[in-house]
Each structure stands twice: as C-alpha cells, then as structure tokens.
Amino acid sequence: MRSRYSAFALASRSPQAIDHLLRTHPEPGRDPRQRRRELQVSTRGVQWLGLSVRATEAGGPQDATGTVTFEARWRSRSGEAGVMRECSRFGRGPAGEWLYLEPISEPIS
C-alpha cells in the first residue's frame with residue numbers, strides 16, 4: 001500500500017513510478033499502453049500530500065491476502081483539496097509480491 005502511494009506521489013516525475021503502479025495492479029485484457037497514458041494524465045494534475053493507514057487485516061508474511069483501510073490527502077493544480085478514503089484488497093502475485101486487487105468499500109468518516 002505504501003509503495004503504491006509513493007509511486008502515485010512520484011508518478012508525474014518518474015517513469016519508474018508508473019511502471020510500479022502498472023506492475024502492482026494487473027488488469028488482464030486492458031492495453032498496457034492505454035493504462036500508462038491514463039496514469040500519466042491522471043497523476044499530472046494531483047499532488048499527494050500524505051497517507052494515513054487507518055486499519056489492516058491480514059496481509060502478514062504468511063498471508064495470501066490482506067486489506068488496508070487508508071486515507072490519502074491530495075490537492076489538484078487548481079487548488080481543490082480532498083481526501084481519498086478506501087478499503088483495498090491486496091493479494092500475492094506469482095513471485096510473492098503484493099498486488100492491488102480491488103477496492104472493497106469506502107469507509108464512513
């Protein structure tokens with residue numbers, strides 16, 4: 001979770017960050033070039049200001065899946081600010097790496 005947040009924060013300046021986001025969120029059947037373009041566009045307009053992990057469930061060294069509830073603060077180029085809240089499900093990839101699978105819910109503030 002933290003590595004994906006860091007990659008989003010660095011994505012507008014780092015092709016390696018975009019690579020990490022693509023690698024850790026597989027979307028079979030979607031064109032990787034299109035996904036890369038979409039990430040490049042979406043990350044240009046947002047500055048990520050901070051991450052707070054609110055809760056975790058499973059996701060330890062012996063677990064195959066886990067969830068993370070988080071809040072990520074952001075500001076747009078136009079000055080709009082907000083907080084993204086999500087409970088996300090992660091799972092192990094073929095080499096044991098953590099992959100983002102899906103949002104489960106948006107927790108109530």
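The following questions and answers explain the terms used for this predicted model.

Reader: What should I know before reading the values?

Author: This is a predicted model: local features need pLDDT of at least 70, side-chain atom pairs count only at pLDDT 80 or more, and totals for chains, interfaces and linings use all residues. Residues are numbered from 1 along each chain as its sequence is written, and side-chain values use heavy atoms, with hydrogens and water left out.

Reader: What makes helix 1 oblique to helix 2?

Author: The crossing angle does. The axes of helix 1 (residues 2–10) and helix 2 (residues 15–23) cross at roughly 140 degrees and come within 8 Å. Angles under 35 degrees count as roughly parallel, over 145 as roughly antiparallel, 65 to 115 as roughly perpendicular and the rest as oblique. Therefore helix 1 is oblique to helix 2. Axes here are lines fitted to C-alpha atoms, for helices over the stretch in contact, and angles run from 0 to 180 degrees between N-to-C directions. Helices (H or I, at least four residues) and strands (E, at least two) are DSSP runs, numbered from the N terminus.

Reader: Is the crossing of helix 1 and helix 2 left-handed or right-handed?

Author: Helix 1 passes helix 2 in a left-handed crossing. The near helix is turned anticlockwise from the far one by less than a right angle in a left-handed crossing, and clockwise in a right-handed one.

Reader: Which residues make the contact between helix 1 and helix 2?

Author: Helix 1 supplies Ser3, Arg4, Ala7, Phe8 and Leu10, and helix 2 supplies Ala17, His20 and Leu21. Contact means heavy atoms within 4.5 Å. These residues divide into five nonpolar, two polar and one charged. Ala, Val, Leu, Ile, Met, Phe, Trp, Tyr, Cys and Pro count as nonpolar, Asp, Glu, Lys and Arg as charged, and the others, Gly among them, as polar.

Reader: Why is helix 2 called oblique to helix 3?

Author: Their axes cross at roughly 120 degrees and come within 10 Å, with helix 3 spanning residues 32–44. That angle makes helix 2 oblique to helix 3. This crossing is right-handed. Pro15, Ile18, Asp19, Leu21 and Leu22 of helix 2 meet Arg35, Arg36, Leu39, Gln40 and Thr43 of helix 3.

Reader: How many bridges join strand 3 to strand 4?

Author: Six bridges join these antiparallel strands. Gly91 has Leu99 of strand 4 as its bridge partner. Five residues lie between the two strands in their hairpin, where Gly96 takes a positive phi near 90 degrees.

Reader: What makes the pair of Phe90 and Tyr100 edge-to-face?

Author: Ring pairs of Phe, Tyr and Trp (its six-membered ring) need centres within 6.5 Å; planes under 30 degrees apart count as stacked, over 60 as edge-to-face and the rest as tilted. The centres of Phe90 and Tyr100 are 5.6 Å apart and their planes stand at 80 degrees, so the pair is edge-to-face. Phe90 in strand 3 and Tyr100 in strand 4 are 10 residues apart. The structure holds three aromatic pairs.

Reader: Where does Glu80 lie?

Author: Glu80 is in the loop between strand 2 and strand 3. Leaving aside neighbours within four places in sequence, Glu80 is in contact with Trp74 and Arg75.

Technical notes: Two strands pair if DSSP finds at least two bridges between them.
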